[in-house]
Amino acid sequence: MKKVMITGVYGLIAGAIYNKLSSDPARYEVFGLARRRQDSDRVPPDRVIEVPAEKFTLSDMQDLNQMTQAFEGMDVVVHMAADPSGAGGWESVLKSNIIGGYHAFEACRLAGVPRIVYASSIQASSGYRAYEEPYHSISQGQFDDLPDPLPLVTKDMPTRPTNIYASSKVWGESVARFYSDVHGLSCLCIRIGWVLGEDKPARENAGDIWCSQRDIVEISECCVNAPEDVRYDIFYGMSDNKYRWVDIEDAKEKVGFVPKDRAEDR
């Protein structure tokens, strides 16, 4: 049985992961950490997230000692806590994504946690969609004359953040690389697609970057259970959408992720 700590546990994605893992007590003992014991505004009203008091830590991730104590004895930390959009501006990104992100990795090191699953974002590659063809045409809902097959953006291509929030996620990926190479942690980064409480694309021309709640939970669980020799990697957490322009075959080969949903079906 693996002990798994999920940060930001009352958020949309973290809560979905918590509910899935905690439904299998023979395999997982699941813990949660969050800055408030209250569901995020993004969580659908019909979802219930109940973390027992003895398995919950109230923290905004600014206290490294507190986080280290919370992480002691864990086999995996799934780090989902963050400013989810950067809407709070630089100060919020600095506090939540930069300082909080560093504390997550450092607390894992200090507590002896062997693996961290880090929530990055599709926005690490959003510049391709904003500025380059054929991805920009897809973002505008212009699907005529697309090349067949569609050339895919891979994790090995340069990052293309278009805002400070996305840049903070690229920074987190580099910190993961550092903690893997220098400190020996297994650090797996998921570039998460657009996950919504309604669990469907926000609009027709957003299906290319959409990820269902079921699929993001699936790839997160795959990373929790990845082989020990997967020491550092980046995977795109995306549903199998018709106009998906990022590579997910690598996640299938390395950790067994096979998405079950498609934007076109919603």
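I take buried to mean under 20% relative accessible area, exposed over 50%, and partly exposed in between, with a 1.4 Å probe and protein chains only. I am working on a predicted model, in which local features need pLDDT of at least 70 and side-chain atom pairs count only at pLDDT 80 or more, while totals for chains, interfaces and linings use all residues. Residues are numbered from 1 along each chain as its sequence is written, and side-chain values use heavy atoms, with hydrogens and water left out.

**Entry on salt bridges**

I looked up the salt bridges, each a side-chain nitrogen of Lys or Arg within 4 Å of a carboxyl oxygen of Asp or Glu, and found that the structure holds 20 of them. One of these joins the side chains of Glu218 and Lys260, at 3.9 Å from N to O. I noted that this pair links distant parts of the chain, 42 residues apart, with Glu218 in helix α7 (residues 213-224) and Lys260 in the segment after α8 (249-255). Helices here are DSSP runs of H or I with at least four residues, and strands are runs of E with at least two, numbered from the N terminus. Glu218 counts as partly exposed because its relative accessible area is 22%.

I then turned to Lys254 and Asp233, whose side chains meet in a salt bridge at 2.8 Å, N to O.

Glu264 is partly exposed at 37% relative accessible area, and Arg262 is partly exposed at 30%. I also recorded one network, in which salt bridges that share partners join Lys155, Asp233, Asp250 and Lys254.

**Entry on Ser121**

I found Ser121 in strand β5 (residues 115-121), and I list Ser121 as buried because its relative accessibility is 5%. Which residues does Ser121 contact, leaving aside its neighbours within four places in sequence? With contact meaning heavy atoms within 4.5 Å, I noted Tyr165, Lys169, Ile190, Arg191 and Ile192.
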